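Please read these notes with the structure open beside you.

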Amino acid sequence: MAHYQRAGDIPAKRHTQHRDGDGRLYYEELMGEEGFSSDSSLLYHRHVPSAVIGARLWQLPDQSTEPNQPLLPRHLKLHELFEGEEWKSCDAIRDRRLVLANADVRIGYVVAGAASPLYRNATGDECVYVEAGAGTVETIFGDLTVGAGDYVIIPRATTHRWVPSGTEPLRLYAIEANSHIAPPKRYLSRYGQFLEHSPYCERDLRTPDAPHVVEGENVEVYIKHRGDGPGGLAGTVHVLPHHPFDVVGWDGCLYPYAFNVDDFEPITGRVHQPPPVHQVFEGNNFVICNFVPRKVDYHPLAVPVPYYHSNVDSDEVMFYVGGDYEARKGSGINIGSVSLHPGGHSHGPQPAAIEASLGAERFDELAVMVDTFRPLGLGEAGRLCDDGVYAWTWAKNR
């Protein structure tokens, strides 16, 4: 983010001595992107941030994929992945299951009831959508209180953990990049300010609370990093001599933040608007969009549901999280469903949904979409919850 933030106790001048009340020097850390030629923040630690006293392998959850062959649109029922009460012992990191992936992005799903271990993703930024439930994302920068509808953007290598709250399961849809994730460039000025045509702005972003120091010794941090495993990934657990939440202050333009989908202002028109008007974030070779409750097309002859379309360069993944999605009526799609429409297949509304939509003034629907510019493979969770019949639903009653 290009928006400067500061929190806690920092010196007046960067890269100068900063001491506590007893005269002990704090340890300054520069956390920066793209070889320190892009966004960065300075953090001031009580202890040496590089100190490690132990390490072991972490066997990541299954990261293997199988190609979408034969090429088919698919309906994945994510709510079938965590049945019964098993979620109560699951955490947001170690029990995250791979649904879809390619070389640029991985999409996972987890239903959690237990606090996760400390974790950092050293391969890219994460955008985690909170489908349901509530909790706290505790980070080295401070805490974020999150709930249903929140996107949580966590920069690469940010040490954090997820702590569910309440009695309901915390349902998380995790979009893991092999790059950085940011607002679309067309929403921003050349200096990084949100422009007037953007569907959200700086006021809608929530930044962490002030950092707090946690005491602890021999503390484990789970790290997902580049390696020779499936997807080019590997896992390691580092044992640190002191708790990494020892930051007394920080400032800069690199930090985690949250944005709630209810604060996205939809762009509508007299006729159906193309998918890019729904975009909320972008990463390398993929975009993230959301379809929110909105007034629909108001031309007297408008057809409110989408026209059939062939997104020739992309695979399209839609996660249905709320409301009543008009275009998919009759397909079996419901809340908790994911539809995969691969490049090379023209898709659109179920035939009966077209006439049924005529005259509608408003759609009450909520969905998160990821479009990728490389084909997606099916992860173990995606293969397991595929309904196997979605591809034939357009041909019903032909």
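**Notes on the predicted model**

1. Start with a loop. H299 sits between β23 (294-295) and β24, in the loop that joins them. This is a predicted model. H299 counts as partly exposed because its relative accessibility is 28%. Setting aside residues up to four places away in sequence, H299 touches R270 and V271. For scale, take E83: H299 is 216 residues from E83 in sequence, and their C-alpha atoms are 45 Å apart in space.

2. Next, the sheet. An open sheet is built from 9 strands with antiparallel pairing. Their order is β5-β28-β7-β8-β15-β10-β13-β20-β16. At the edges are β5 (65-67) and β16 (205-206), each of which pairs on one side only.

3. β10 (residues 126-132) and β15 (residues 170-177) run antiparallel and are joined by 6 bridges. Which residue of β15 is the bridge partner of A132? It is R171.

4. Now the packing. The largest nonpolar core contains 82 residues. L78, Y151, W162, Y173, F281 and I288 have the most contacts inside it. Another core, of 11 residues, lies apart from it, with V287, F291, Y325 and M369 among its members.

5. Beyond its neighbours within four places in sequence, L78 is in contact with V99, Y109, Y173, F319, G336, V338 and C385.

6. By class, the lining of the second largest pocket has 18 nonpolar, 10 polar and 6 charged residues.

7. The structure has 2 cavities of 30 Å³ or more. The largest cavity holds about 110 Å³. Of its 14 lining residues, P61, Q63, R96, E176 and K224 are the closest to the centre. β7 (97-101) and β8 (105-112) each supply two or more residues, and the largest share, 3 residues, comes from β8. The lining of the largest cavity divides into 7 nonpolar, 2 polar and 5 charged residues.

8. Last, the second largest cavity, with a volume of about 80 Å³. Its lining includes I267, T268, G269, H272, R294, K295 and P304. By class, that lining has 3 nonpolar, 5 polar and 3 charged residues.

Note on methods:
Residues numbered from 1 in each chain as written. Predicted model: local features only at pLDDT ≥ 70, side-chain atom pairs only at ≥ 80, totals over all residues. Heavy atoms only, no water. Pairing = 2+ DSSP bridges. Helix = DSSP H or I, 4+ residues; strand = E, 2+ residues; numbered from the N terminus. Core = buried A, V, L, I, M, F, W, Y, C linked by side-chain atoms within 4.5 Å. Buried < 20%, exposed > 50% of the residue type's maximum accessible area, 1.4 Å probe, protein only. Contact = heavy atoms within 4.5 Å. Nonpolar A, V, L, I, M, F, W, Y, C, P; charged D, E, K, R; others polar. 1 Å grid on protein atoms, 1.4 Å probe; cavity = no way out; pocket = protein on both sides within 12 Å on 5 of 7 lines; lining within 4 Å. Points joined across faces, edges and corners; volume = space filled by probe spheres on them.
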